[in-house]
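Student: I have a structure open and I want to learn to read it. Can we go through it feature by feature?

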Amino acid sequence: MDAMEAAGISVIIGTPTYAVPTWMAKAHPEVMAVTNEGRNGYGFRQLMDITSPTYLFYAERVIRELMKVTAHRKCVIGFQIDNETKHYGTAGPNVQQRFVKYLREKFHDDLYALNREFGLDYWSNRLNAWEDAVDVRTACNASVRAEFEKFQRLLVTEFLLWQADIVNEYRREDQFITHNFDGEWRNYSYGIQSDADHFQEANAVTVAGFDIYHPSQDLLTGKEIAFGGDIARSLKGGDNYLILETQAQGYINWLHYKGQLRLQAYSHLSEGANSVMYWHWHSLHNSVETYWRGILSQDFEENDTYREVCRIGKEFAEKGDHLVNLKKKNDVAVLVSNPSLTALKYFPVEFPQEMHGIQYNDIFRWMFDTLYDMNVECDILWPESENFEDYKVIVVPALYAAEDALLARLNRFVENGGHLVVSFKSGYSNENNKVRPAVQPGILHESLGIIYHQYTTPRDSVGLTGTVIGGGVHKARKFMELLIPHGAEVLASYDHYNWKEYAAVTKNHYRKGTATYVGTMVDEEVLANVFRGVLGEAGVDLSEEGSGVILHQGTNDYGKIVRYYLNYSAEEKKVLYRYGNAADVLTGEAVDSMSGFTVGAWDVRILEEQ
Amino acid sequence: MDAMEAAGISVIIGTPTYAVPTWMAKAHPEVMAVTNEGRNGYGFRQLMDITSPTYLFYAERVIRELMKVTAHRKCVIGFQIDNETKHYGTAGPNVQQRFVKYLREKFHDDLYALNREFGLDYWSNRLNAWEDAVDVRTACNASVRAEFEKFQRLLVTEFLLWQADIVNEYRREDQFITHNFDGEWRNYSYGIQSDADHFQEANAVTVAGFDIYHPSQDLLTGKEIAFGGDIARSLKGGDNYLILETQAQGYINWLHYKGQLRLQAYSHLSEGANSVMYWHWHSLHNSVETYWRGILSQDFEENDTYREVCRIGKEFAEKGDHLVNLKKKNDVAVLVSNPSLTALKYFPVEFPQEMHGIQYNDIFRWMFDTLYDMNVECDILWPESENFEDYKVIVVPALYAAEDALLARLNRFVENGGHLVVSFKSGYSNENNKVRPAVQPGILHESLGIIYHQYTTPRDSVGLTGTVIGGGVHKARKFMELLIPHGAEVLASYDHYNWKEYAAVTKNHYRKGTATYVGTMVDEEVLANVFRGVLGEAGVDLSEEGSGVILHQGTNDYGKIVRYYLNYSAEEKKVLYRYGNAADVLTGEAVDSMSGFTVGAWDVRILEEQ
Amino acid sequence: MDAMEAAGISVIIGTPTYAVPTWMAKAHPEVMAVTNEGRNGYGFRQLMDITSPTYLFYAERVIRELMKVTAHRKCVIGFQIDNETKHYGTAGPNVQQRFVKYLREKFHDDLYALNREFGLDYWSNRLNAWEDAVDVRTACNASVRAEFEKFQRLLVTEFLLWQADIVNEYRREDQFITHNFDGEWRNYSYGIQSDADHFQEANAVTVAGFDIYHPSQDLLTGKEIAFGGDIARSLKGGDNYLILETQAQGYINWLHYKGQLRLQAYSHLSEGANSVMYWHWHSLHNSVETYWRGILSQDFEENDTYREVCRIGKEFAEKGDHLVNLKKKNDVAVLVSNPSLTALKYFPVEFPQEMHGIQYNDIFRWMFDTLYDMNVECDILWPESENFEDYKVIVVPALYAAEDALLARLNRFVENGGHLVVSFKSGYSNENNKVRPAVQPGILHESLGIIYHQYTTPRDSVGLTGTVIGGGVHKARKFMELLIPHGAEVLASYDHYNWKEYAAVTKNHYRKGTATYVGTMVDEEVLANVFRGVLGEAGVDLSEEGSGVILHQGTNDYGKIVRYYLNYSAEEKKVLYRYGNAADVLTGEAVDSMSGFTVGAWDVRILEEQ
C-alpha cells in the first residue's frame, strides 16, 4: 500500500473469499460444497459451500482483518466483494433442508398447492409430508429443478449482501463497493449468467462491475463488450460501471492484432465504462493459468501488448475528462429472464431433439447481435425492472417462464404505445414451469393477435415466404410454431406443403402500439427486416445502419455528445459524419457536419459535438 | 369408472408399480436399485430394484387394493401389468447373491466346469471357491457379463409372472392380462429389446401388447410399426395384439403431416393389431414430459391431430368389423436372439474397431428392412420357438451366441427343404460366449457348405464382384469374413488384390433345401438380390416388389382377404390390383381384378376380396 | 517344461504378477488400487496397487515358488518380470502419504521452497504445514500433478527392481532378465510411455524387451517398429533387444496382407531385435480378448498367418547367424522427455485451445516420422543420458520442462560442434513446471540466437514464406511462436499482415555447431527441408532419401554390413545399390555395387556386403 501511494496508484481491495486455503479444507472438510457430483475435492477455486457456517466464520474474520488494515488508507478508492460469485452447485443436506423451508414458505405450508403447481403426481413424485422430501439432485421434475436453481441464486445474493454489510462497517463515504459480475462462460463471455441473479445482487454494490472476455483476431466484433456493458450499465439505472477484468494477451488464440487492444478499450468507454482493467499484469509462472496471458509474458519483458497498453493509458490520462462518465439514453431494451434461461436448460437436456440444442442465450444473442449489427444501442431489462415505459421498443427473447403479471405488463406496454418484438418460446409456462393450460403464446396473445396449438422442427426443409422475407433463400431454423393469426398481419409464412397455412412471423396493431412475433429462428437478415419495420414505426433512428462501423454515443461531463466510430475490421472505412460540427477528442482535428472521414483498420475515431 | 361406464368407454386397469412414491424411497432407501453406477437416486421412474422384498410388499398391497375396487366393474375389459418392464440394471449384493446360486445350479455346483466354460483362468479371474465370487459389475469376462444379463432378464419374467398371479386371483374369465412390450430405444423403437426376454415374458399375459414410437414427417416408413407388430403377433402364436401406446403428436419433430396419423393407425391394423391407443390424451403441463405431446396440446383446444384422431375413430367404429382380428400367414420368418444381442454388445464396446460400432439390431434391421421394402411380410422366431417348420424361409441375422442344438435344428430345417439366409457373425460362439474351438461358422457350416478361418474389416476399399452383384459400385461394409466354399456356390467375392480368392456371399444346396450365407454387410440393393434368389426358389410370392406402396394382408372375421395398400410417400401412387374382385372397405367402391387404382399421399386403400 | 525341452523350445518364465486372483481381491480388498476415480473394482488386469504390502507379500511368494521349480531347468533361457508395468494411477492414502515424505526430502523439509517453486500461493493452495497436505487427485496445480506422476513412475521402477532382486537370487549366470516395455497406447503403439520411466527401469533388466503393435494393411509403414526398436536398443547402450510381443493377426482390422507379417519380422531385426514373438499362439475362446487374434484362430486350423509365420521361422533358422546381434551406429539422436510429456498433458487438458489438442507424442512423431521417411536412422536420448557427444545431430521435440543443466548441456553440445534441431515449446519451464521468468526459449536462446515474448495460434490462416519453404502452399499449424532473431538466420517467416515481422524457423551458427529452431508445426515437407539443411551440414549421409524403400543397416556377427531394403508399399520398387558388392542373405544371389535390383510389394531384400 505504501508503494501504491508513493506511485500514485489507486487501489481496490478485494475480499479474499473465492478460494479456501488448504488448512481449512483439511481441518473442516465440510466447507467443500456437495454438488450433484458429490463432495468437491480440494484444488480449484470456488468449490466451497458459500452457506457453510465454518466457511462464513473464517471469511468474516479475514474480511474484518483486511478492512482494519486497508479501509483507512488514502489510496483505497473502493472494495470488490468476492470474485465472480456463483452458487457453485451447492446442494448438500444443509442446503436442501433450507430449500424445504423455502418451499414451505413459498406455498404457505400447503403441500397440496406444491404438488399441484409443480405437477408432482406425475411418476409418483407427490410429496405427502414435508419430511418425505427426497434429494432434489436426482429429481426429474423440471419445476423442482428450476425452483432449486432459483433458490441457489438467492444464496448468492444473500452471500454478497452479507459481505457488503461487513464492508459497510469499515468503508468511508467516498469508497465504493463493487463486484465483478460475469456472463455465461462458453470459453468466453457469451450471455446471461445462469448461476447468479445479477438484478438482485446489484443491491449489494454501489457501483456495478463486469468481467468481459471475448474472441479476438479475425473474430473480434465488440458484441460481448456491448451486451456485457449494457447489462452492467442497466444494473444501476444507467450509472457508469467498472470493467474490472478483461483480457490483455488472454488465451493464446486471442493475442490481439495491432490496434485491437486499444479498440477494445475505447469500446468499453463507449458503453459507459469508467475503467478498463486487465487480467492481469504479468502471466503466471505456475499452476493452471500459465496460458492465461497478462500484459507481460512470464519474461517481464516489454512486448507489443505492453506497448499498446501504454498508449491507451497515455491517451486516457490526457483526454479522460472528455470520455469518463458517459451518459447514455437508448430507445430500445432487451428483456432477459433467468427463470426462462433455467427452464430452457432442462428441456433441451432431457429431450435433445428440442430445438436442436439451442439454449436461451443463443436466442438472446441472435436478437441482441442483430440489433448491434444494425447500429441500434440497447439497455437491458429484467422481469423485476420498473422502467419498461422508458423505452420505445422492448425486445423479448424466449420468455418461456413468466408469471401472469409480467405478461400483462408487456400487453400494457403495447396498449400505451410501446412496440414489442417477441420470439418463439415466449409466454409458454408460468413462473413455476407449469405450461399454461390455455391458448398460446400465453397471455401475450392479446397484444400479439395470434394463437398457436402446435409446433415442430423444420428439419432444414422448410422455407419462408412473405413480405418480410427479402430475396434469396431463407429458411425456418431450429424450431417452428404454427401460428394462426387472430387479427395480426402475417409478415412471413412457412413455405412447405404441409405447413403453408400457418404463419411464421406476425405483426399486430394493438391499441396505441404494435406487437410483433417471430415464431421460428429466422436468419439474421430476415430478423433485421423485422426489426427495421418495427423500429422505423417506433421512431428509432436507423440512419447509421449499414455505415460499416459501429457507432456508440452518449453525453460527457461537459454536456457534449461524444460519438465513437469503432472499426471492427482489417480494412480502413470511410464514414459520413451526419451530426453537428465536432472535434476529434484524441487529435483535436475538426470534423464538419456532413463531411466524410476515415477510420483505420481496428481503429476508432471519437468525435465530440461542439 | 362411473364416468367411463356412463360414456361407454372400456377401461384397461394398469398396475401402478413402475414408479415408487417419495415416501417409500425416503422410508426404505433400499428399494432403489444398485446398478453399475451405484445406488439410484430418487426422481425418474423405473429406478427401483424389482426384486426388493420391500418394494414387492408394497406393490402387492396396492395391486390387491386396486383389484378389489376395479376387477368387478363392467367397463374393465382387462389389465395391464406394470409398464415396459426391464431389469433397470439391478445388480446390488442381494441380486448378485442370487446370481451365484443361479450359477451353482447351472453348473451343478461344479466350479471347474464354470471356470472352463467361461474361460475364467484368463487374467486370473478363476474362482476357487463360490464364496470368493467378486462383484460382477466390473467383470472383464464377457461370458460372466452376458450370463448376468440373462439372469437379469429372468428377474423381469419372474416379476411379471408374479404380478399376473396376483391379478389372476381377481380377474373375470372375459378379462385379459396384457403388458406393453417395447423394443430397443434409440430415441425411437429400433429393434429387439435387450433388457427383457419377450418370449419368456409372454407367458405372463393372455394378450400381447406393444408400444411403438417412430420417426415421422419425411422419415415415416412404417418399418417400426411392422417389426414391432411382427414381434407382438408372434409372441402369442399369431394371435392379434394390442397397440397400447403409440405417438399422437409425440416428440416435436414427429408432428405428423396430414394423413400420416391415419396411415399409421391402419398400418397397425394391417399387422394384426386390434387396438391403437395414444400416449396420451393431452400433453402434460409439468415435469419431464411436457415435450412429449399428446392428442391435445396443453391448451386443451382442438388441433389437427385431434381432428385426425376423430376421423380414425369414426372409421374404426363404422368399419371395424371388417378390420379387427386380422389373421396373417407368412412364409418368411426372422430368427432373433437375445443372447446374440448381448454378446455383440460386449465385444464392440471393448474393441471399438470391431465392426465400426455396428450392433445386433443394426444387422437385424438391415435384413428386416430390406424384406419390408421388397413387400415380404415376416413373422419372428426365437431360439425357443418350436414352429421353424411352418416357414419356407428363415432369415438369421448375426446368431453369434447359440447352443449346438439350435444350430443343428437350422441344419435340419434345410435338410427338410427349408431355405436359410444367414448373416456374418453367426454360429461363432456357444451359448456361454465361448468361441467354438472348431471350424466356422459353427455347426452351420454343414448346411452352408463353407468354412472360414479369418476375417477383417474392409476400410471402405473392398469392392464386391459376382453374380449377385448388380451394376454400379457395391462394397463390402463394416466387417468381412474370408469365406472358403466347401461345396457352396459363390454368389459374390471380394474385389481387392489381397482378398480376391475369398468368397463374400455363398449359396449351398443341402439335401432338400438351400442355405445362403452373407459374409459381409452388403448394401441393401445387393441384399435384395440375395433374398430375391432365395425367395424365388422357395416359392415366396414376390409379385408386389417394386409396386411403390407397402402391401399387407390377412383374413378377417368374415373369412375374406383384406389387403392394405399403404402409401408412405408425399406422392400419389398408381397401383395394379392383381387379385380377385374387391371392394374398398372404407368407401365401398368396387375394384376389379387387374384394374388400376390410386393411393393418395400418406394415404391408404383397404380392399376386401369378395 | 518337459514338453518344451523335448521339443527343443527355449522358455522365458514370466512372473505372474500383473493380474491378481479373485480370492485375493475378496480377502484383501485393499490390494485394488485407489485411483482418481476411486477404488478399482475387480475384473480387468493391472488394477492393483503395486505398492500394497499385501499384494507384494503374495507376489513375492508366488515368484519364489515359481523360481524354485523353473530356474534350474535347461530350457529356461531367461525371465520376464511382470508385464508392461505401469503405475495404474495408484493414488490412495498410503501412496499419498509417501508422496508427502518424498516432497519433504525433495525440498529438504522447506515448505517455503515448495510453495515458491510450485507456485502454491495461487488460488490459496499454499501449504502452511506438511500435515495440511490435501488430496493431490483433485489438485489444480500442474506442478503438483506432474510431480506426483513423476513419483508414480518411480514406484514402477522400484517395483521392477524389487522383482529383479528376487529373480537374481535364483537365476543362473546365463539366464537373462527382461521386461516388455511399451509405448503410449492409442489403440496401437504411438510414442513415449507416460506412466513409467523406461530409462530408470532399464536398470532392472539385463536385456531390454519391447511390445510393439501397429496399424497394418494399407496403413503399414514400419514407423512404430522403428521408434519402438530405437527406444529398446538405446535403453541398454545399443545392445540388442527382444521383441517380446507383436501382433500376429491382431485386431481384426490389422489382418496382414500377404508378405506384411514377414516384412514386419525383418523390420524388427533391421532395428537390432534378436527375437520376434507373437501375442499369441492361438486366439482365445473367452473373456475380453477373443478379438485379439493370434497366429491361429480359435479353430486351431492352419491359415494364411500360420503359413507366413512358418516361412519366417524357417528363414530365421537357416540364415539367423547372419541376422542376429546386428550392431548399429547412428549419427542422429532424438531427445525425449517424460517430464515434458506430462507437462503438456496438463496444459492442453485444462485449456483446450492450447495447440488444438496436440500432445507431446504428436510432436515427437512429427519429427521422428519425418526423419524415418528421409531414411535417417536414429537413436533415442533421455535427459539422463550421458552420451550426447556420440551424435552429430540431436533432434529435440517440445522439451517443455527441463532443468537448467540439461539446457546448458545442449548449448555445450553445439559449442563443441554438434547440430541441434529444436521444436517450439522447448526450454519454456523448469523441471518443476515453473515457467522461466526469463527470456524464451529458456537457456537455449544462447545457442539458438533467437528470443520470443509472445505466441498465438494460426487459425489456418497464416502462411509461411522463406528460403526453407518450397513451392506450393505451406501453413503455420497448431501453434506459432513469434520469433525475434538475435543473430540467427531466418529460414521462414509468417505470411500474415499482423505477424509478418516475426520469424517462424531460424538457424544459428554458434561456436563450432549450429542450432535450428522450428517455432510452429510446419508440415512434413517443410520439416524435411529444415532437416536436409542441418543434416547435410552435419555430414549425415542423405543419399538414400527418396529411394522409395526404407533402408536400415548394421554390422552382423561376421563383422559385415547388412542392409535391409524394406518395401512398405503394394508396388514393386526398383532400387540402386550404392555400396560394395554384396550377397542376398536369403537367396544367396550376388548384387554388384551400383547395380539395380527390385523389392517386391510388401517384401524385403537383405544384402550382406562382402
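Student: Where is the place of B:L160 in chain B?

Tutor: One caution before we start: this is a predicted model. Now, B:L160 sits in helix 6 of chain B, which covers residues 142-168.

Student: Is B:L160 buried or exposed?

Tutor: Look at the relative accessible area. Buried means under 20%. B:L160 has 1%, so it is buried.

Student: Let me try a loop. Where does C:N416 lie?

Tutor: C:N416 falls between helix 13 (404-415) and strand 14 (419-423) of chain C, in the loop. Its relative accessibility is 46%, so C:N416 counts as partly exposed.

Student: How far apart are C:N416 and C:K512 in sequence and in space?

Tutor: Check both scales. In sequence, C:N416 and C:K512 are 96 residues apart. In space, the distance is 5.6 Å, C-alpha to C-alpha. C:N416 is in contact with C:K512 and also with C:E389, once neighbours within four places in sequence are left aside.

Student: What about A:N40: which loop does A:N40 lie in?

Tutor: That loop of chain A runs between strand 3 (38-39) and helix 3 (53-70). Leaving aside neighbours within four places in sequence, A:N40 has contacts with A:M32, A:A33, A:T35 and A:L47.

Student: Now the backbone. Which residues of chain A does a cis peptide bond join?

Tutor: Read the omega angle. The cis bond joins A:Q440 and A:P441, with omega of about -5 degrees. A:P441 belongs to the loop between strand 14 (419-423) and helix 14 (445-448) of chain A. In chain C, a cis peptide bond joins C:Q440 and C:P441, with omega again about -5 degrees. C:P441 is in the loop between strand 14 and helix 14 (445-448) of chain C.

Student: What is the phi of A:D460?

Tutor: Phi is another backbone angle to check. A:D460 has a positive phi of about 60 degrees, although it is not a glycine. The residue is in the loop between strand 15 (450-456) and strand 16 (463-465) of chain A. With 63% relative accessibility, A:D460 counts as exposed.

Student: And in chain C, is C:D460 buried or exposed?

Tutor: C:D460 is exposed, at a relative accessible area of 62%. Its phi is positive, about 60 degrees, and C:D460 is not a glycine either. The loop around C:D460 lies between strand 15 (450-456) and strand 16 (463-465) of chain C.

Student: Let me zoom out. How many helices and strands are there in chain A?

Tutor: Chain A has 15 helices and 27 strands. Its radius of gyration is 25 Å, close to the 25 Å from the globule rule for 610 residues, so chain A is as compact as a globular protein of that length. Along the principal axes, the C-alpha atoms of chain A fill a box of roughly 70 × 70 × 40 Å.

Student: What share of the residues in chain A is buried?

Tutor: Buried residues make up 64% of the 610. Now turn to contacts with a separation of 6 or more in chain A: residues 24 or more positions apart account for 72% of them. As for the surface, chain A exposes about 21,300 Å², and carbon and sulfur atoms supply 51% of that area.

Student: How many positive and negative side chains does chain A have?

Tutor: Count 58 positive and 83 negative side chains in chain A. The centres of the two sets lie 1 Å apart.

Student: Last one. What rotation superposes chain B on chain C?

Tutor: Start with the general idea. Two copies of a chain are related by a rotation about an axis and a shift along it. For chain B on chain C, the rotation is 120 degrees and the shift is 0.1 Å, with an RMSD of 0.0 Å. These two copies are therefore related as by a three-fold rotation axis. Chain A superposes on chain C by a rotation of 120 degrees with 0.0 Å of shift along the axis, and the RMSD is 0.0 Å.

Definitions and conventions:
Residues are numbered from 1 along each chain as its sequence is written. Chains are lettered from A and ligands numbered from 1 in the order in which they are written. This is a predicted model: local features need pLDDT of at least 70, side-chain atom pairs count only at pLDDT 80 or more; totals for chains, interfaces and linings use all residues. Side-chain values use heavy atoms; hydrogens and water are left out. Helices (H or I, at least four residues) and strands (E, at least two) are DSSP runs, numbered from the N terminus. The radius of gyration is taken over C-alpha atoms; the globule rule is 2.2 Å times the number of residues to the power 0.38. Buried means under 20% relative accessible area, exposed over 50%, partly exposed in between (1.4 Å probe, protein chains only). Contact means heavy atoms within 4.5 Å. Accessible areas come from the Shrake-Rupley method with a 1.4 Å probe; for residues, only the protein chains shown count as cover. Lys and Arg count as positive and Asp and Glu as negative; His and the chain ends are not counted. The place of a charge is taken as NZ of Lys, CZ of Arg, CG of Asp or CD of Glu. Copies are superposed by least squares on the C-alpha atoms of residues with pLDDT of at least 70 in both.
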